[in-house]
Amino acid sequence: MTTRAVATGIGHYLPENVVENSWFEDKLDTSDDWIRTRSGIERRHFAAEGETTSHMATKAARAALLMAELQPDDIDALIVATSTPDLTFPSVATMVQSELGMTRGFAFDVQAVCAGFIFALVNANALIVSGQAERVMIIGAETFSRIMDWEDRATCVLFGDGAGALILEARSGSGNSQDRGILSSDLNSDGRYRDMLYVDGGVSTSGTSGKLRMQGNPLFRQAVAKLAATANTALEKAGLAHADVDWIVPHQANIRIIQGTAKKLDVPMDRVIVTVQDHGNTSAASIPLALSVGVSTGQIRPGDLLVAEAIGGGLAWGAVVLRW
Ligand code: UT7
């Protein structure tokens, strides 16, 4: 028998304020057509004044608990993937813990930018298979609208805010690729690329939170190659092939990156969950948001084989193969 980390609950939260591409046309030298054609984005949600990463994370967490039919104190560990915490410390995870009324277990944040949810998922799996936790909640939550340079048309049109939460529980499996739960993973980072996507402020430098800076085109080229490679490696580790994949659940940065990666993996676009048109790039929140939408629309069903993959600042990138 093998212990598997099996998904039992998923939920998400998006701020009420929906901003269409046309909103930017009055403020910047840009157009709805450019944004749609180059990125696939049509709209995104922005957090209201006073609405924080921990508020959104807590709402997503409540939805996931409801689906899993669990109470906050049933959770042993809570991991939040974010690069836009409410405060420098304490962690967003401890804030969510307290908002939920969770009085036991442990909570911490993971920071791997847009790949954060994948890194958090791998940590959650390790906690479960090593027997340190039976039930782990993983949340991706971001308020990237707070680190935008609103005069930089090459970045501010691309990002959005939101949160998604997933609950994993220990279950017995037979150890083969037919098991439900996380079957394999692959994590990578390479700090030589750190100038490709970064925030130009921080505690030990400027003492400010800074603004996002990105070399979009070189990053685009890195993204397609590295995402296809990491997805392939994770599939190989699980002893599975492209034809076994029911759904790719990609990081939602750009429809052209999503299409390019799917093509390299030889998976048709009707087996890819796409939410980038409605959410924009929500960094660490994008995969749990896409998962939650995919489950709520009935696209993702129990037993489906999923490959989730993401890349972000660092660069940091990785993939997880899981059977829903
Ligand atoms: O989440 C982490 C991972 N993130 C990513 O992987 C993002 C990767 N990059 C991308 O998604 C794309 O590179 C972008 C969407 C950011 C840009 O698309 P692109 O096809 O790579 O365009 P580009 O950067 O080569 O820019 C093409 C032109 C430039 O003008 P010139 O130099 O050709 O005259 C830009 O100045 O488009 C211009 N441009 C814009 N025009 C209208 C850049 N932003 C805008 C804009 N509206 N908002």
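The questions and answers below cover the domains, the ligand site and some backbone features of a predicted model.

Residues are numbered from 1 along each chain as its sequence is written, and side-chain values use heavy atoms, leaving out hydrogens and water. In this predicted model, local features need pLDDT of at least 70 and side-chain atom pairs count only at pLDDT 80 or more, while totals for chains, interfaces and linings use all residues.

Q: Which residues of domain 1 lose the most area to domain 2?
A: Buried area is the accessible area (1.4 Å probe) that two parts lose on being put together, summed over both. The two domains bury about 3,800 Å² between them, 67% of it on carbon and sulfur atoms. Together 16% of what the domain 1 side buries falls to Cys114, Ile118 and Ile147.

Q: How many residue pairs are in polar contact between domain 1 and domain 2?
A: A polar contact is a pair of N or O atoms within 3.5 Å; within protein, one must be able to donate a hydrogen and the other to accept it, and residues adjacent in sequence count only if both atoms are side-chain atoms. With both residues at pLDDT 80 or more, the count between the domains is 16.

Q: Which residue has a polar side-chain atom 2.7 Å from an oxygen atom of the ligand?
A: The ligand is surrounded by 22 residues, each with a heavy atom within 4 Å of it. Threonine 30 places a side-chain N or O atom 2.7 Å from a ligand nitrogen, and arginine 153 has a backbone N or O atom 2.8 Å from a ligand nitrogen. For the ligand oxygen, the residue is asparagine 254.

Q: What is omega for the cis peptide bond that joins glycine 314 and leucine 315?
A: Most peptide bonds are trans. Leucine 315 is in the loop between strand S12 (305–312) and strand S13 (316–323), where strands are DSSP runs (E, at least two residues) and helices are DSSP runs (H or I, at least four), numbered from the N terminus. For the cis bond between glycine 314 and leucine 315, omega is about -10°.

Q: What is the phi of aspartate 266?
A: Most residues other than glycine have a negative phi. Aspartate 266 lies in the loop between helix H8 (255–264) and helix H9 (276–279). Although aspartate 266 is not a glycine, its phi is positive, about 60°.
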